[in-house]
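Hi,

Here is the structure I promised to pass on to you. Have a look at it first, and then read my notes below.

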Amino acid sequence: MSEQLLFILKLCLLALLYLFFFRVLRAVWAEVRAPSPAGAPARAVAAVPGPVAPASGQEVRRGRRYRPPELTVLEPEAQRGATFPLGDEATIGRAAGCQVTLDDTYVSQLHARVFTRDGSYLIEDLGSTNGTYLNRQKVSGPMVVQKGDRIQVGNTVLELR
């Protein structure tokens, strides 16, 4: 082989090595930093009519106190009954910065997010390894979640109440 060809191959190998390190650093950075609504990928979602949650959790409706929606753990048995109140946006994952922190090895650091849009709650997968399921259907884009729906992330099953 000529020396010029060897030099070009060395440069290509060096470029591939730098690309590999860049991808690793980018993956680590995505796992470590907290998600932000501005940083989330923009996807078109049709407006779905639904009840609008009041701004204050203390608002009274028809003589009863308003309770904001929450996610309740149904499975596994060891975590059953744990509840996580939902605001305008909540992330689900193993990372300490998540609003719904789950101790499940099959859950990604930043697994999914639940957010409101036009008065409805939606869920979207954040590129998790094992996927997110809504009523046993894989979540491929933002999907509407209603009370009583079941969300599965890893081996953990949550219900919106």
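Arg113 lies in strand β7, residues 112–117; helices (H or I, at least four residues) and strands (E, at least two) are DSSP runs, numbered from the N terminus. This is a predicted model, where local features need pLDDT of at least 70, side-chain atom pairs count only at pLDDT 80 or more, and totals for chains, interfaces and linings use all residues. Residues are numbered from 1 along each chain as its sequence is written, and side-chain values use heavy atoms, with hydrogens and water left out.

Is Arg113 buried or exposed? Arg113 is buried, because its relative accessible area is 8%, and buried means under 20% (exposed is over 50%, partly exposed in between; 1.4 Å probe, protein chains only). Its side chain makes polar contacts with the side chains of Glu89 (3.1 Å) and Glu124 (2.4 Å). A polar contact is a pair of N or O atoms within 3.5 Å; within protein, one must be able to donate a hydrogen and the other to accept it, and residues adjacent in sequence count only if both atoms are side-chain atoms.

β8 pairs with β7 in the antiparallel sense over six bridges; two strands pair if DSSP finds at least two bridges between them.

Enjoy exploring!
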